Amino acid sequence: MELSLVPIKNPHALNLILGMSHFIKTVEDVHEAMVNTVPGAKFGLAFCEASDVCLIRTTGTDPELIELATENAKALSAGHSFILFMRDMFPVNVVNTIQNVPEVVRLFCATANPVQVIVAQTDQGRGILGVVDGFASKGVETEADKEKRTKFLRMIGYKF
């Protein structure tokens, strides 16, 4: 077995969701989940099929995001993994819906941070072991940091 670190290419720090699923139907069901949860959602999805012809299956509403998802799926090439990039929305808007898609078995991350994916390669194929999402902690928040956090959440409309 060989371990490698695959960085997710995300030049515009877009929000993304990286997960695992178990069936080709994932592509259509995640697409439907996105457009039914956020009308007008701009997203691109790529899913690494793990049997039969083992193609990368794609869908979305934004050609640039579909291409970005496809490029990252090629780099990962890990069976039954999917990557979803979104524009002008946050994972918090869709993560519960994505987790409730019947084929989805786990999410590794939902973030706009830099992501590195830890991949294992065997003679059978490739699999995701985990992710490094963002950076290491630098300390504990102060009262000023708490105030800044609460103001930020209200500024972007997630709290009153």
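Modeller: What follows goes through the sheet, its helices, the salt bridges and then the remaining strands.

Bear in mind that the model is predicted.

Start with the sheet. Five strands form an open sheet, in the order β4-β3-β5-β2-β6. Their pairing is antiparallel. The edges belong to β4, residues 56-60, and β6, residues 104-111. Each edge strand has a single partner, so one of its sides has no neighbour in the sheet. From one strand to the next, the twist averages 15°.

Strand β2 covers residues 15-21 and runs antiparallel to β6. Six bridges hold this pair together. Within it, Leu-18 stands opposite Cys-109 of β6. As a rule, side chains in a regular strand alternate between the two faces of the sheet.

Two helices come next. Helix α1 spans residues 26-37 and lies across β2, β3, β4, β5 and β6. Its direction is at about 160° to β3, which holds residues 42-48. Helix α2, residues 63-76, also packs on the sheet. Helix α2 touches β2, β3, β4 and β5, and its direction makes about 25° with that of β3.

Glu-71 counts as partly exposed because its relative accessibility is 33%. Side chains of opposite charge can pair when their charged atoms come close.

Asp-29 pairs with Lys-25, and the closest N and O atoms are 2.4 Å apart. Are these two residues buried or exposed, and where is the cut-off? Buried means under 20% relative accessible area. Asp-29 has 14%, so it counts as buried. Lys-25 has 38%, so it is partly exposed. The pair belongs to a network of salt bridges that links Lys-25, Asp-29 and Glu-103. In total, the structure holds ten salt bridges.

Another of these joins Glu-141 and Arg-149, at 2.8 Å from N to O. Glu-141 is partly exposed, with a relative accessible area of 35%. Arg-149 is partly exposed at 39%.

Strand β1, residues 2-7, pairs with β7, residues 115-121. They run antiparallel, joined by six bridges. Pro-7 has Gln-116 of β7 as its bridge partner. β7 also pairs with β8, residues 126-133, in the antiparallel sense over seven bridges. There, Val-117 has Val-131 of β8 as its bridge partner. A hairpin of four residues connects β7 to β8.

Last, the surface. A nonpolar patch of about 580 Å² is made by Phe-90, Val-92, Phe-152, Met-155, Ile-156 and Tyr-158. Phe-152 is found in helix α4, residues 143-155. Phe-152 has 43% relative accessibility, so it counts as partly exposed.

Terms used:
Residues numbered from 1 in each chain as written. Predicted model: local features only at pLDDT ≥ 70, side-chain atom pairs only at ≥ 80, totals over all residues. Heavy atoms only, no water. Pairing = 2+ DSSP bridges. Axes fitted to C-alpha atoms, helices over the stretch in contact; angles between N-to-C directions. Contact = heavy atoms within 4.5 Å. Patch = residues over 30% accessible without salt bridge, like charges linked within 9 Å, V, L, I, M, F, W, Y side chains within 5 Å. Areas by Shrake-Rupley, 256 points an atom, 1.4 Å probe, with all protein chains shown as cover. Salt bridge = Lys/Arg side-chain N within 4 Å of Asp/Glu carboxyl O. Buried < 20%, exposed > 50% of the residue type's maximum accessible area, 1.4 Å probe, protein only.
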